[in-house]
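Hi,

Here is the structure I promised to pass on.

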Amino acid sequence: MTKDAIHSLTDEALVEAIVKTNDTMLFEVLYDRYASMVYNKCYGFANGVDEAKDLTQDVFLKVFIKLASFKGKSKFSTWLYAFTYNHCVNYVTRNTAKKIEKKSISSETIDIENIGEDIDSTQEFENMRVEQLKIVMELISPEEKMILLLKYQDNLSIKELADALDIGESAVKMRLKRAKEKLVHKYSNYTKDGESI
C-alpha cells in the first residue's frame, strides 16, 4: 500500500488494518492524526507539559494494545476521546494525594449555556462566568468532570457517549444530570458569600 493510500484511509479502516497486521508504521499514521488532540485532553488533567506528554504516550501505548477492543459502534475519534478521558481520570484518581492543577476549560471550548439548558430552576448556571466555572469544575469528581467535558467541550451526543462509555443512554442522561446538579450546588456554595472570583 502506498503512503498516499495509507493516509487516505478512514480511521476505522486504518484501525482494522493495524489490528490485522500489528503494523507500527500504520499506527504512526493514526498517532499523527490524534496526538495533539490527546495531548490537549491530557494537559487538562496534568500538572504541566512533561506530565501531559507522559500521559499522552501512556494513552497511545494502551490504545495500541487495546485497539482490537474498538468495535466500531461509535466513530474512532469518539472512542479515543472516551479512552483518553478514562485514562486521565484513573491517573488523577490514583494520584489524589498529589495536588494537581487542571487547566482543561477555556471560554472558547466549553458551551456553558448548553450545560444549563436542561437543569430545572438553575438560571444562575447560565450566568456563570468561565473563570468561576473553571474553579467549580475542579471541585467535582474526575468522573463527573469527564462526562461534562465529553458532552459540552467535545460535543458528543447522548448516543455517542453511550457507545463510547459502553453504558445505556438513560445511564448517560442520569450521570449528566447528577454531574450538572453537583456543579450547580458547588457553584452556589462557592459564591454564596458574595466572593468575586
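**Salt bridges and helix packing**

At 48% relative accessibility, Glu 16 counts as partly exposed, that is, between the limits for buried (under 20% relative accessible area) and exposed (over 50%), with a 1.4 Å probe and protein chains only. Its partner in a salt bridge is Lys 20, with 3.6 Å between the closest N and O atoms; by salt bridge I mean a side-chain nitrogen of Lys or Arg within 4 Å of a carboxyl oxygen of Asp or Glu. Lys 20 is exposed, at 67%. Both residues sit in helix H2, four residues apart, so about one helical turn separates them. Helices here are DSSP runs of H or I with at least four residues, strands are runs of E with at least two, and both are numbered from the N terminus.

Some housekeeping: this is a predicted model, so local features need pLDDT of at least 70 and side-chain atom pairs count only at pLDDT 80 or more, while totals for chains, interfaces and linings use all residues. Residues are numbered from 1 along each chain as its sequence is written, and side-chain values use heavy atoms, with hydrogens and water left out.

The structure holds four salt bridges. Another one pairs Lys 177 with Glu 181 at 2.7 Å, N to O. These two are four residues apart in helix H11 (residues 169-191), about one turn of the helix. Lys 177 is partly exposed at 45%, and Glu 181 is partly exposed at 38%.

Asp 11 and Arg 33 also form a salt bridge, with the closest N and O atoms 2.6 Å apart. This pair links distant parts of the chain, from H2 to H3, 22 residues apart. Asp 11 is buried, at 13%, whereas Arg 33 is partly exposed, at 29%.

H2 (residues 11-21) and H3 (residues 24-43) pack at about 145 degrees, with axes 9 Å apart. The axes are lines fitted to C-alpha atoms over the stretch in contact, and angles run from 0 to 180 degrees between N-to-C directions. Asp 11 and Arg 33 both belong to the contact, as do Leu 14 and Ile 18 of H2 and Phe 27 and Leu 30 of H3, among others; contact means heavy atoms within 4.5 Å.

As for the whole chain, there are eleven helices and zero strands. Of its 197 residues, 44% count as buried. Helix H9 (residues 142-152) is mostly covered, with eight of its eleven residues buried, including Glu 144 and Lys 145.

Cheers
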